Amino acid sequence: MEPRTERFYIRMSRTEKRRLMKRAEHYHMTASDFARTLLLQSDDGFIRIVDITPFKNALYELLKQGTNLNQLMKFLNTHGAGSYDSYKTRQMLRKEVETFEQIANALIALRKEMAKHGVVLSDGERRSD
């Protein structure tokens, strides 16, 4: 992403500023992020927000799977492949790879579709200006 080095000033009343701040807070955005998103990405004056909490949970599960795979590899390196059923191990690993690829492809497609429709992702945490 290109660094944001340019400034644009808007004059408003205190009441307007309070409304802007309140609306930005509603979307868990800074006033700058809110105004930028509304001005540049919204054709109808609405900001579409997608809660990415389920994706964060999916990422957590993927990280747990990665830990499981690391533990499996350590076991195989320590005790040798003969101590583990290689067919079942390959099946499990193949399934893990398929799952990772499906999730990655789904997230890529979702991101493209959201960008196409001007949808903004939010993790529910408010950023500071």
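Start with the loop between helix 1, residues 14-26, and helix 2. H28 lies in that loop. This is a predicted model, by the way. Look at the backbone there. H28 has a positive phi, about 60°, and it is not a glycine. For context, most residues other than glycine have a negative phi.

Next, helix 2 itself, residues 31-41. Which of its residues are buried? A31, F34, A35 and T37. Those four lie on the same side of helix 2, because they cover an arc of only 165° around the axis.

Now step back to the whole chain. We have four helices and two strands. The order from the N terminus is α-α-β-α-α-β. The chain has 129 residues, and buried ones make up 17% of them. What about sequence separation in the contacts? Take the contacts between residues at least 6 apart in sequence. Of those, 61% join residues at least 24 apart.

On to the helix pair. Two packed helices are described by the angle between their axes and the distance between the axes. Here the pair is helix 3, residues 53-79, and helix 4, residues 86-116. Their packing angle is about 155°, and the axes are 12 Å apart. The cut-off for roughly antiparallel is over 145 degrees, so helix 3 and helix 4 are roughly antiparallel to each other. The crossing of helix 3 past helix 4 is left-handed.

Which residues make the contact? From helix 3: F55, L62, Q65, L69, L72, M73 and L76. From helix 4: T89, M92, L93, E96, F100, I103, L107 and L110. Sort that contact by class, and there are 12 nonpolar residues, two polar and one charged.

Definitions and conventions: Residues numbered from 1 in each chain as written. Predicted model: local features only at pLDDT ≥ 70, side-chain atom pairs only at ≥ 80, totals over all residues. Heavy atoms only, no water. Buried < 20%, exposed > 50% of the residue type's maximum accessible area, 1.4 Å probe, protein only. Arc of directions from axis to C-beta. Axes fitted to C-alpha atoms, helices over the stretch in contact; angles between N-to-C directions. Parallel < 35°, antiparallel > 145°, perpendicular 65-115°, else oblique. Left-handed = near helix turned anticlockwise from the far one by under 90°. Contact = heavy atoms within 4.5 Å. Nonpolar A, V, L, I, M, F, W, Y, C, P; charged D, E, K, R; others polar.
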